[in-house]
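Please read the points with the sequence and the model side by side.

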Amino acid sequence: MNGNTPYAGRPGITQAGHRSAADVEEVTPGQRRALRREVSRLAALTREYLPDEYAVDSEVSHGVGGPHVTVAVRPPVGRPVSAGFSPELDVDAIEEPGAIIDADERAEVARGLAASAALQVKHAMGDDLTPTAR
């Protein structure tokens, strides 16, 4: 039964627990540039929702299953939050703006990250603060 999984390895070719190079799609330099451009848009939109005290950064990496995109927010206090996903790359539409991450998905992820970062600040500060005004 274990020999039927793609992670069991092929004798003499692939080690057990690793994927075959043929199973992972290769990312071209043009696709990598397009991914970076899309992730930069996502990070910029996240920055628009937050004050300047929050640090927002993004990364494109190559994981076991192909390219992986991560956007992280470090609030002024509290724990950092991040969102990561592996986008599907359409070779024909890669050069079109918004082809990898559509506008609705980009807005949803940016709002979610901003809300999560603000919640981390709220949790870190607690309820012990006295309001400055009523």
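1. A salt bridge is taken here as a side-chain nitrogen of Lys or Arg within 4 Å of a carboxyl oxygen of Asp or Glu. The model is a predicted one, in which local features need pLDDT of at least 70 and side-chain atom pairs count only at pLDDT 80 or more, while totals for chains, interfaces and linings use all residues. Residues are numbered from 1 along each chain as its sequence is written, and side-chain values use heavy atoms, with hydrogens and water left out.

2. The overall layout comprises two helices and three strands, where helices (H or I, at least four residues) and strands (E, at least two) are DSSP runs numbered from the N terminus. Along the sequence, these elements follow the pattern α-β-β-β-α.

3. Of the 134 residues of the protein, 31% count as buried; buried means under 20% relative accessible area, exposed over 50%, and partly exposed in between, with a 1.4 Å probe and protein chains only. The accessible surface comes to about 9100 Å², and carbon and sulfur atoms account for 49% of that area. These areas come from the Shrake-Rupley method with a 1.4 Å probe, and for residues only the protein chains shown count as cover.

4. Contact means heavy atoms within 4.5 Å. Among contacts between residues at least 6 apart in sequence, 53% join residues at least 24 apart.

5. How many salt bridges does a search of the whole structure find? The search finds two. In one of them, the side chains of arginine 41 and glutamate 38 meet at 3.0 Å, N to O. Because arginine 41 and glutamate 38 are three residues apart in helix 1 (residues 29-49), about one helical turn separates them.

6. Glutamate 38 also forms a salt bridge with arginine 106, with the closest N and O atoms 3.1 Å apart. Since glutamate 38 lies in helix 1 and arginine 106 in helix 2, this pair ties together parts that are 68 residues apart in sequence.

7. Helix 2 (residues 103-125) includes glutamine 120, which is partly exposed with a relative accessible area of 22%. Glutamine 120 and glycine 78 are 42 residues apart in sequence, and their C-alpha atoms are 5.2 Å apart in space. Leaving aside residues up to four places away in sequence, glutamine 120 touches Pro75, Val77, Gly78, Arg79 and Val81.

8. Proline 75 is found in the loop between strand 2 (66-74) and strand 3 (81-85). Is proline 75 buried or exposed? Proline 75 is buried, at a relative accessible area of 4%. With residues up to four places away in sequence not counted, proline 75 touches Tyr54, Pro80, Ala117, Gln120 and Val121. From proline 75 to valine 121 the separation is 46 residues in sequence and 6.6 Å in space, C-alpha to C-alpha.

9. Glutamate 108 is also placed in helix 2 and counts as exposed, at 56% relative accessibility.
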